[in-house]
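User: Hi! I've got a structure I'd like to talk through with you. Could you take a look?

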Amino acid sequence: MRATPITVAALAAALLLTACDENGGDGGGTSENKAGDACTLDTVGVQVAASAAPSAGDSGNVTVTITNRDVKCTLNGFPGVDLYAGGTSTTVLADKAAKAQKLTLAKDATASFTITYVRGEAGGKKSLPVKTVKFSLPGSTADHSFKWSYGEVAVKGDASEPNASVTAFQQAGD
């Protein structure tokens, strides 16, 4: 059986319409997410815990855990993470060994990601005096910020590349 051009066009139009949502097609921004849409910061709780690097040259980890407080949602990709030091901001790149996986979070389910960094020398030319971190969830431009109190972050090359990386989301809890 051969499909006629009208049938193919109608099917393509139907698929395009079902891919959009009432939030303008971005899947985020309001708490009116449909089950399975991208998780958004206004529908999750956030907790930050750290195992800070004790001195310059040591590695530390900052783990961010999100808890879904709404209908089922998905995380598909890496979080966006930026470090802020005064008027300077720099992006933390994904860990080269990490592979993003699509996670579906039921209501009250949790997932986490970890920022791993090398502590820089206080006041050093190869250090970034980070004061704030902002992160966003995949598929969303909204961000959440928290105070950085874990020491300066060492830089690679110039000050635009922090000696830090971020992991993919991992399912947390049961």
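User: Let's start with Asn68: what is it in contact with, leaving aside neighbours within four places in sequence?
Analyst: This is a predicted model, and in it Asn68 is in contact with Thr43, Val44, Cys73, Leu105, Ala106, Lys107, Asp108 and Ala109.

User: Buried or exposed, that Asn68?
Analyst: Buried: Asn68 has a relative accessibility of 0%, and the cut-off for buried is under 20%. Asn68 lies in strand E3.

User: And which backbone oxygens does the side chain of Asn68 reach?
Analyst: One is the backbone oxygen of Val71, at 3.0 Å. Another is the backbone oxygen of Leu105, which lies 3.0 Å from a polar atom of the Asn68 side chain.

User: Asp108 was on that contact list. Where does Asp108 sit?
Analyst: Asp108 is in the loop between E7 and E8. With a relative accessible area of 49%, Asp108 counts as partly exposed, because exposed would need over 50%.

User: What about the phi of Asp108?
Analyst: Asp108 has a positive phi of about 70°, although it is not a glycine. For context, most residues other than glycine have a negative phi.

User: OK, let's zoom out. How many helices and strands does the chain have?
Analyst: There is 1 helix, along with 14 strands. The chain has 174 residues, and 37% of them count as buried.

User: Now the largest nonpolar core. Which residues touch the most other members?
Analyst: Leu75, Leu137 and Trp148 do, out of 33 residues in that core. Elements that give two or more residues to the core include strands E3, E4, E5 and E7, as well as E8, E10 and E13. The largest share, 4 residues, comes from E8.

User: Let me follow up on Leu137. What is it in contact with beyond four places in sequence?
Analyst: Leu137 is in contact with Cys39, Thr40, Leu41, Val44, Ile66, Leu75, Ala142 and Phe169.

User: Nice. How many aromatic pairs turn up in the whole structure?
Analyst: The search finds 4. One of them is Phe113 with Phe135: the ring centres are 5.3 Å apart and the planes are at 70°, so the pair is edge-to-face. Phe113 is in strand E8 and Phe135 in strand E10, and the pair links distant parts of the chain, 22 residues apart. Both Phe113 and Phe135 are buried.

User: What about the pair with Tyr117?
Analyst: Tyr117 pairs with Trp148, again edge-to-face, at 4.9 Å centre to centre and 75° between the planes. Tyr117 is in strand E8, while Trp148 is in the loop between strands E11 and E12, 31 residues apart. Tyr117 and Trp148 are both buried.

User: Which residues form an aromatic cluster?
Analyst: Phe113, Phe135 and Phe169 form one cluster. Phe169 also came up among the contacts of Leu137.

User: Which ring does the charged end of Lys134 sit over?
Analyst: The ring of Tyr84, with the charged end of Lys134 4.9 Å from the ring centre.

User: How far is Thr116 from Val62?
Analyst: Their C-alpha atoms are separated by 6.5 Å, though Thr116 and Val62 are 54 residues apart along the chain.

User: Last one: where is Gly123, and is it buried or exposed?
Analyst: Gly123 lies in the loop between E8 and strand E9, and it is exposed, with a relative accessible area of 68%. C-alpha to C-alpha, Gly123 is 8.1 Å from Glu152, and the two are 29 residues apart in sequence.

Technical notes. Residues numbered from 1 in each chain as written. Predicted model: local features only at pLDDT ≥ 70, side-chain atom pairs only at ≥ 80, totals over all residues. Heavy atoms only, no water. Core = buried A, V, L, I, M, F, W, Y, C linked by side-chain atoms within 4.5 Å. Buried < 20%, exposed > 50% of the residue type's maximum accessible area, 1.4 Å probe, protein only. Contact = heavy atoms within 4.5 Å. Phe/Tyr/Trp six-rings, centres within 6.5 Å; stacked < 30°, edge-to-face > 60°. Lys NZ or Arg CZ within 6 Å of the ring centre and 35° of its normal. Polar contact = N/O pair within 3.5 Å; in protein donor to acceptor, adjacent residues only side chain to side chain.
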